[in-house]
Amino acid sequence: MAKVVSGARARRSRVSAAPTDEDPIEGLMTNLLLELGEDPDRNGLLNTPKRVAKAMRFMTQGYRQDIDHLLNGALFPIEYDEMVIVKDIDFFSMCEHHLLPFFGKCHVGYLPNKKVVGLSKIPRVVDAFSRRLQVQERLTLQIAETLKKKLNAHGVAVVMEARHLCMMMRGVEKQNTVAVSSSMLGVFRTQQQTREEFLKLIRGSSVRDGN
């Protein structure tokens, strides 16, 4: 006797028979929509799996970025021994626990050791590590350790301030909570005065305030 397969099970069977050249994330997203009780064939969702696959590839492109290539040609020899700070770097990342975004500002400072890096490269390093599945604490440490190693700097400091949608949309549902993490390496860890100068500067007046 022929077996009748209905509703979501029928659509799931269609997904399993999808062409093998389909992006695997598209197939997974189609199955997810089915499991959520949605109809992937309805008009508003027809291209959603493809859009999600494209978005996920973009938001995790940090896995495919090489830091050495990123910094290639951007290190310059110079006799400069004062602090360099790039603050208010916007970043967006994905919580590895719930695959929900967290986002905010990153502040980076370093004390050069006979070479500096092009200023635009610091936000690029932040992006390279942010665009992976992350936890904020590890992200902060990765940025600091990478810059310390690549620049051979006397010290590197990184402070990140972020809002986490996994706390805002679910769980404790606290919409105004900001998580702050920091990593202090080299002289920023051993010299209190240097650390305090950095913290004061990242919280001081911004150039866009006109001060």
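In which helix is the place of Leu 33? Leu 33 lies in helix α2. Helices (H or I, at least four residues) and strands (E, at least two) are DSSP runs, numbered from the N terminus. The model is predicted: local features need pLDDT of at least 70, side-chain atom pairs count only at pLDDT 80 or more, and totals for chains, interfaces and linings use all residues. Residues are numbered from 1 along each chain as its sequence is written, and side-chain values use heavy atoms, with hydrogens and water left out.

Helix α2 spans residues 24-35. Its twelve residues reach 17 Å from the first C-alpha to the last. This is close to the expected 16 Å, taken as 1.5 Å times one less than the number of residues. At the start of α2, a side-chain oxygen of Asp 23 comes within 2.9 Å of the backbone nitrogen of Ile 25. After α2 comes Gly 37, with a positive phi near 95 degrees.

The buried residues of α2 are Glu 26, Gly 27, Met 29, Thr 30, Leu 33 and Leu 34. Buried means under 20% relative accessible area, exposed over 50%, and partly exposed in between (1.4 Å probe, protein chains only). These residues cover an arc of only 165 degrees around the axis, which puts them on the same side of α2. The arc is that of the directions from the helix axis to the C-beta atoms. An α-helix has 3.6 residues a turn, so residues three or four places apart point the same way. Pro 24, Leu 28 and Glu 35 are exposed on the other side of α2.

Leu 33 has a relative accessible area of 6%. Leaving out residues up to four places away in sequence, Leu 33 touches Glu 38, Pro 40, Leu 45 and Pro 49. Contact means heavy atoms within 4.5 Å. Leu 33 and Pro 49 are 16 residues apart along the chain, and their C-alpha atoms are separated by 8.8 Å.

The largest nonpolar core holds 32 residues. Such a core is a set of buried Ala, Val, Leu, Ile, Met, Phe, Trp, Tyr and Cys residues joined through side-chain atoms within 4.5 Å. Phe 91, Cys 106, Val 108, Tyr 110, Ile 143 and Val 158 touch the most other members. Elements that each supply at least two residues include β2 (84-95), β3 (101-111), α6 and β6 (155-164). Another core, of nine residues, lies apart from it and has Phe 198 and Ile 202 among its members.

Gln 136 is found in helix α6 (residues 136-151). Gln 136 is buried, at 4% relative accessible area. Beyond its neighbours within four places in sequence, its contacts include Phe 102, Met 160 and His 164.

Notes:
A polar contact is a pair of N or O atoms within 3.5 Å; within protein, one must be able to donate a hydrogen and the other to accept it, and residues adjacent in sequence count only if both atoms are side-chain atoms.
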